[in-house]
Amino acid sequence: MSASNALHIAVLGGDGIGPEVMAPALEVLRKIEATSDLKFRFTDAPAGANNYLATGKSMPDSTVRLCEEADAILLGACGLPSVRYPDNTEVAPQIELRFHFDLYAGVRPARLVPGVPSPIVGADQRGIDLVLIRESTEGLFASMGKGVVTDTEARETLVITRKTSERLFEFSFRLAERRKARGKANGGLTCVDKANVFRAFAFFREMFDEAAKRHPDVKADRLYVDACSLMLVKRPWDFDVMVTENMFGDILSDLAAGLIGGLGMAPSADIGDRYAVFQPCHGTAPDIMGQGKANPTAMILSAAMMLDWLADKHGLESAAEAGERIERAVDKAYAGGIKPMEFGGSNGTADIARAVLAAL
Ligand code: ATP
């Protein structure tokens, strides 16, 4: 924090609907500022496919420096399917930031906001409130840009390290304990892997078991990723916190977003020991960009997660309260009948933003 005690936030709107959902999230934070003792300083910075088109880089060095100096990083969404590196992969500064800042814990909460339709029968009665933690710096993604492709075969290598896994499991057990202490859940943590087939995942599970011994208050479970996918669809209310490898987490987090209404409802955070990036689970949604249809809820809830993280990091009670206020305002907006176009309703970005601001 700076001398003025304002929390300095790096704001990377990005491409497509990124800037469209960022604007309402910033309005919500300004309203928090006006109604609490918190102060923010927002600094905008370029990143993404449009920046690549203009400069040949996914983001300028000045953006990385800003992110290093800021207290937290808010990101909209980056990348466009039509804009690619010479090796045909998409421009993805959000993934580069995960590696640069060693943001190993990808936190993906999936909470069904009351009033939002879930495709799962019974979810409206039983509720869904789980958090998926996706390791975000290694696993199969460690091979990003390093895959070897010949005329006859292609190879990508999955990496699991002790250093990252131990930090990941400590983070996950601690989150399960915090949720239990807040009365949010029963204090369970499930390790999701494929330990029955791959040695790398047996190693992953072994380290999970070691961590579990250090956290006897948390009910530790283990599941294979295929069985887990089935259970997530049949009984999502049985899950509390889950932890998994990068690629499995990539897939399961979209599945979890589907359980709670859609990508526009799913916030996320990429957290390391020192830095953190907060962004919605969704991408740039080129199919709806520029039409005022994007659901900003995931971005707004990501801003709430940022406040909770800042509260924990700096011991700022009022930031934790502000994060909870934003969650309650979202609930109130949906209880009041907001229905995003994303799931067949008539409310676009501006309506949803207005409803959440009014509820605050
Ligand atoms: P990425 O690979 O960058 O995560 P993606 O291929 O998963 O992106 P998205 O850009 O997230 O794709 O979009 C997937 C679908 O979800 C699209 O049909 C898009 O319109 C829809 N979608 C994503 N985010 C939102 C949102 N905030 N509001 C409404 N619809 C959304």
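At 55% relative accessibility, aspartate 273 counts as exposed (buried means under 20% relative accessible area, exposed over 50%, partly exposed in between, with a 1.4 Å probe and protein chains only). The model is predicted, and local features need pLDDT of at least 70, side-chain atom pairs pLDDT 80 or more, while totals for chains, interfaces and linings use all residues. Residues are numbered from 1 along each chain as its sequence is written, and side-chain values use heavy atoms, without hydrogens and water.

Aspartate 273 meets arginine 167 in a salt bridge (2.9 Å, N to O), defined as a side-chain nitrogen of Lys or Arg within 4 Å of a carboxyl oxygen of Asp or Glu. Arginine 167 lies in helix H6 and aspartate 273 in the loop between strands S11 (269-271) and S12 (276-278), 106 residues apart. Helices (H or I, at least four residues) and strands (E, at least two) are DSSP runs numbered from the N terminus. The structure holds 25 salt bridges. Among them, arginine 134 pairs with aspartate 250 at 3.4 Å, N to O; arginine 134 is buried, at 4% relative accessible area, whereas aspartate 250 is partly exposed at 30%.

An automatic or database assignment sets the domain bounds, giving domain 1 (1-105 + 266-360) and domain 2 (118-260). Their centres, taken over C-alpha atoms, are separated by 23 Å. Contact (heavy atoms within 4.5 Å) takes 15 residues from domain 1 and 17 residues from domain 2. The area buried between the domains is about 1,500 Å², with 54% from carbon and sulfur atoms; buried area is the accessible area (1.4 Å probe) that two parts lose on being put together, summed over both. In domain 1, Phe99, Tyr104 and Asp312 lose the most area to domain 2, together 37% of what that side buries. Six salt bridges are counted between the domains. A network of salt bridges links Arg174, Arg178, Arg182, Asp308 and Asp312; the closest N and O atoms of aspartate 308 and arginine 178 are 3.5 Å apart.

Phe201, Phe204, Arg205, Met207, Phe208, Ala211 and Ala212 of H7 are buried. These buried residues fall within an arc of 160° and so line one face of the helix, the arc being that of the directions from the helix axis to the C-beta atoms. The face turned away carries the exposed residues Arg199 and Lys213.
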